[in-house]
Structure formats: C-alpha cells, structure tokens
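Please keep the sequence and the structure at hand while reading.

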Amino acid sequence: MPDQPSNDMLDLEEFQAQRASLFRRQLGREPYDLAEAWEFARPNAERRGMAATLARAKSAGETVVIPRAGVAHWDAQLELMRTLSAAGAGVVPITVDSLTRSLRFEDAAKALAQSTPDRSVLNGYPLVAHGVERTRELISAVDRPVIVRANAIDLRIVAETAFASGATGFVSGPMYATLEYSKLGSLAESIPNWQFIFRLMGEYAAHGVPIVEDAIGFAQSGTCSVPALMHVGVVLDALIMAGQGVKHIVPYQMLQGHVAQDVAGCIAVGTLTDEYLAKLGFGDVRTYVASSDWNGAFPAREPDAYGLLAANVFACAIARTPVNYVKTIEEGIGVPTAAANAASIRFTRYLSHLISRQAASLISPEVEFELELNLMEARAILDAVLDMGDGDPVRGSISALAAGVLDIPFSPNVHVRGNVLPVRDADGAVRFLDRGALPLPAAALRLEAERLASRRARSGSGELSYQDVIDDLSFLEFEEPTLPEGGDPHS
C-alpha cells in the first residue's frame with residue numbers, strides 16, 4: 001500500500017521522473033522541453049502576466065473582471081478572447097472542453113476537426129489537440145493575460161500544455177476537483193496529481209514565470225453553503241499549493257445574494273488564507289481575493305439576471321476584492337454568447353466603478369457580525385483538520401474527511417459523508433441546519449440558532465426541514481408566483 005501523501009515538497013528528481021512517465025503514458029512522447037518553455041514564457045509573462053495584473057489591482061484598490069468562456073475552433077476562440085478584452089476583461093479565459101479534461105485527447109481531436117468558427121462541437125477549447133505552438137499563437141495574439149480554466153482529478157498534461165503555451169493563470173485544485181467534480185476519486189488519489197501541477201508552477205516561478213493559481217476549495221458549486229465551510233476548503237487548497245512552491249494564489253469566495261454575508265466572506269477568506277499561510281511558514285506567498293458570481297441556478301429572465309449580477313457586484317465592490325469572476329445575463333438559459341459575456345463585463349465594471357468609491361461607508365454592523373462568525377467557525381474547523389494531520393494539511397484533510405470533521409453538502413463524491421445541510425435564514429443568509437460532525441464552537445452554534453429562529457417561527461410547525469433546504473436551492477432564480485386567470489399582480 002503506498003504511503004499516504006503529505007505536504008512535503010516533491011523532490012525535483014522524482015518530479016522529473018514523474019514527468020517522463022506521465023508523457024509516455026498519456027501522450028506517447030517525451031515531455032515538453034522546460035528550458036525552451038521558460039525561454040518563451042518569460043517575456044510573455046513580463047508583458048502580460050496575470051500575477052503583475054492582480055498585484056497592481058490590489059495595490060490600487062481596483063478589481064480585475066474575469067469572465068468564463070471557451071470554444072473549440074481556434075479562430076472562434078481568438079475572436080471570443082478579443083471581444084472579451086475589448087469589453088474590459090482584465091484577464092481573458094481559455095476554458096478547456098470536457099473531453100480533454102477527461103483525458104480523451106483523441107476524441108477531442110476528432111471533435112475539433114468537426115468544429116467550425118460558427119459551430120463548436122465541444123464545450124470548450126481542446127488545448128492538447130491544438131497543441132503548444134498553435135496555442136502560443138493564440139495567447140500572443142491577445143493583449144491581456146490568459147487564464148486556463150478546467151476541473152478534473154488529473155489535469156497534469158493540460159497544465160503542462162497551458163504553461164508551455166504562455167498561460168499565466170490556472171484553475172482549480174484538489175478539493176474542488178475531487179469533492180465537487182468526481183464521484184469515485186479520493187483526496188489520496190487526487191492530491192498527488194495536483195501537487196505535480198503545483199510543483200510545475202513552482203519551477204516556472206523559480207525561472208521567472210510566475211503563475212497564478214485559484215484556490216476554490218469546496219462547497220462552492222451549484223448549491224448554497226455556509227461561508228466558513230467554503231473558507232476551510234480554500235485555505236487547505238492554498239496550503240497544498242504553497243507546499244509545492246506556488247507563490248501567487250487567488251482565494252475564492254462564491255457570492256450567494258446576501259450582501260452583508262457576501263462582503264464578510266470576501267474579507268474573511270483573505271484574512272484566513274494569509275493567516276494560515278504565515279502560520280505554516282509560507283509568508284512569502286501573495287494572495288488576491290476573488291469574488292465569484294453565484295454558481296447555482298441563475299434566473300432565466302434577463303432583467304432578473306442583471307439584478308443578481310448587481311447584488312454580486314455590490315458585495316464585491318464593498319469588499320474591494322482584486323478579482324471578480326463574472327457570469328452572464330444568459331447564464332440561466334444556456335451557453336452564453338460573446339455579446340452576453342461582453343455586456344455582463346461592461347455592466348460589472350461600471351457598477352463596480354460607482355460602488356467601490358463608497359466602500360468604507362457601506363461596511364455595516366451586520367457585515368462585522370458575519371465576519372466574526374465566519375472567522376470563528378472556519379478557524380475551529382481548520383485547527384481540527386491540522387491537528388488530525390499533526391500540522392500537515394494534506395494528511396489532515398484526508399483523515400478529517402474520513403471522520404466527518406471535514407464534510408460538505410450535496411457532494412457527488414462517495415468519500416464525503418454529506419451530513420452537513422445548509423439553509424437560509426429569514427434574511428437570506430446561509431446557516432447550518434445540520435452541522436454533521438463539524439467541530440463548531442458552542443458560541444457559533446448559539447449564534448446560528450438565533451439567526452434561524454425567525455424563519456423557524458414562520459414555518460407552520462416551528463421547525464425547518466429538508467424541504468426548506470431543497471426550496472433554498474432555487475432561492476436566487478426568483479420565479480414570480482402564478483396568478484389565477486385574470487388576476488391582478490398589484491392587488
């Protein structure tokens with residue numbers, strides 16, 4: 001039985017041996033020449049690197065808007081990226097298709113051959129099928145840093161290809177990819193694959209090519225979650241990244257439509273990530289908090305979608321996050337068009353411009369309450385996880401997940417107990433209906449219960465149930481009540 005993985009840095013000789021084996025096994029070739037890749041990537045990162053872009057934004061108190069988008073055909077992807085850049089995106093994305101993410105490289109190449117500039121057979125850009133040289137041409141043809149977006153347990157070849165092509169940002173990490181995107185994969189299986197990617201990033205950074213990595217954590221997928229639980233996954237991801245030499249990390253906060261809680265979440269996740277990085281000896285890592293538009297079901301009506309985007313931007317602007325991942329006004333009806341992406345970017349930038357100047361005056365007592373609660377709950381869970389690993393976040397995460405000390409709601413993964421249930425209180429903030437075995441302090445449990453009391457009182461039985469949890473999943477879709485025929489909506 002192999003040794004349980006740890007947060008120790010992967011030995012360079014072992015890393016090189018893994019690269020050679022990986023390329024032979026998955027691509028039937030020798031690895032990319034890293035010295036040549038660094039030679040290409042270094043001037044590209046100096047001209048338009050994501051780390052420098054985010055550092056400038058953080059220093060100036062500004063926000064870089066980043067959309068999500070990707071299509072199969074090279075010409076169409078270039079046009080899409082230029083459209084997003086012209087709309088004001090500070091970083092432009094290449095979202096990788098699901099066949100490539102599943103290591104079905106030959107199938108992705110066949111689908112690419114069937115795609116045209118007007119019709120994408122894939123749900124993203126088949127990075128490996130296009131290859132390094134063609135993707136270098138793509139990245140060199142736009143005037144913004146490029147981030148490659150993907151999620152899977154094994155993205156090692158995708159990462160190798162992305163970095164050799166000149167991408168200076170990458171998404172995601174072991175917590176999100178395993179516990180939100182995989183049914184059977186375990187952290188013990190996934191973390192070493194991601195440590196390989198992070199070690200690769202560390203090598204690029206050591207040779208003058210800083211690469212930014214998103215720490216998404218868990219419980220930030222298509223459902224609501226208590227912010228403190230999101231923060232735990234983010235911090236654990238960040239510690240694993242830093243352990244392999246990653247120097248630029250984006251702690252991630254999904255916004256959920258409750259402004260005070262969302263603002264507090266953005267502040268708390270930055271505080272916690274910096275705190276625990278320093279605690280474990282990674283004080284040289286730079287962080288740039290990202291607020292992300294709601295990841296669950298979007299309103300189908302365009303005006304309603306604008307309203308949800310506005311609530312998200314409002315929270316982001318008050319928290320002054322250096323990054324805002326923006327979704328689109330067409331999110332609720334299908335794959336967004338380039339025009340919808342551009343309109344959403346412009347809307348986000350405009351509203352952020354207005355609100356960010358007023359940020360200090362908009363920090364309310366309710367924000368302070370939510371911040372204190374977030375920090376109290378997250379620290380309790382993180383400290384318990386680290387204790388279970390004798391200070392090692394990798395070993396602690398694996399052990400804590402098995403014991404239920406780490407647990408998340410609605411995970412598709414068989415290794416997650418799934419005993420935690422979130423529910424919104426009467427004001428729309430997300431609370432624990434059932435904490436499972438999470439080691440929350442008594443003071444936090446009391447505050448959670450107090451905040452749920454008013455919604456409990458409104459229910460017919462005085463209790464909240466699983467049906468309330470289900471109902472809350474569509475809370476932000478905002479469907480109007482059905483009126484009887486001839487009914488007056490204003491009566």
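## Charges over rings

A charge sits over a ring if NZ of Lys or CZ of Arg is within 6 Å of the ring centre and within 35 degrees of the ring normal. Arg-149 meets this over the face of Tyr-325, at 5.2 Å from the ring centre. The charged end of Arg-134 is placed over the ring of Trp-74, 3.9 Å from its centre.

The model is predicted: local features need pLDDT of at least 70, side-chain atom pairs count only at pLDDT 80 or more, and totals for chains, interfaces and linings use all residues. Residues are numbered from 1 along each chain as its sequence is written, and side-chain values use heavy atoms, with hydrogens and water left out.

## Aromatic pairs

Rings of Phe, Tyr and Trp (its six-membered ring) pair if their centres lie within 6.5 Å; planes under 30 degrees apart count as stacked, over 60 as edge-to-face and the rest as tilted. The whole structure holds 10 aromatic pairs. In one of them, Phe-163 and Tyr-204 are edge-to-face, because their ring centres are 5.7 Å apart and their planes stand at 65°. This pair joins distant parts of the chain, with Phe-163 in helix H8 (residues 156–165) and Tyr-204 in helix H10 (residues 187–206), 41 residues apart. Helices (H or I, at least four residues) and strands (E, at least two) are DSSP runs, numbered from the N terminus. Phe-163 counts as buried at 1% relative accessibility, and Tyr-204 does at 0%. Here buried means under 20% relative accessible area, exposed over 50%, and partly exposed in between (1.4 Å probe, protein chains only).

Tyr-252 and Tyr-325 form a tilted pair, because their centres are 6.1 Å apart and their planes at 35°. Tyr-252 lies in strand E6 (residues 248–254) and Tyr-325 in strand E9, 73 residues apart. Both Tyr-252 and Tyr-325 are buried. Ring pairs also link Trp-38, Phe-163, Phe-170, Trp-194, Phe-198 and Tyr-204 into a cluster.

Helix H14 (residues 338–356) has 19 residues. From first C-alpha to last, H14 spans 26 Å, close to the 27 Å expected at 1.5 Å a residue; the expected span is 1.5 Å times one less than the number of residues. Buried residues of H14 include Ala-340, Ile-345, Thr-348, Leu-351 and Ile-355. Among the elements covering the buried residues of H14 are strand E1 (64–66), helix H4 (74–87), helix H13 (302–319) and strand E9 (323–325).

Leu-362 is in the loop between H14 and helix H15 (365–388), and is partly exposed at 29% relative accessibility. Beyond its neighbours within four places in sequence, Leu-362 is in contact (heavy atoms within 4.5 Å) with Phe-314, Ile-318 and Ile-355. Its C-alpha atom is separated by 9.5 Å from that of Ala-260, 102 residues apart along the chain.

## Arg-431

Arg-431 belongs to strand E11 (residues 430–434) and counts as buried at 1% relative accessibility. Its side chain makes a polar contact of 2.7 Å with that of Glu-370. A polar contact is a pair of N or O atoms within 3.5 Å; within protein, one must be able to donate a hydrogen and the other to accept it, and residues adjacent in sequence count only if both atoms are side-chain atoms.

## Positive phi angles

Arg-320, although not a glycine, has a positive phi of about 55°. Arg-320 is in the loop between H13 and E9 and is partly exposed at 37% relative accessibility. Phe-410, also not a glycine, has a positive phi of about 60°.
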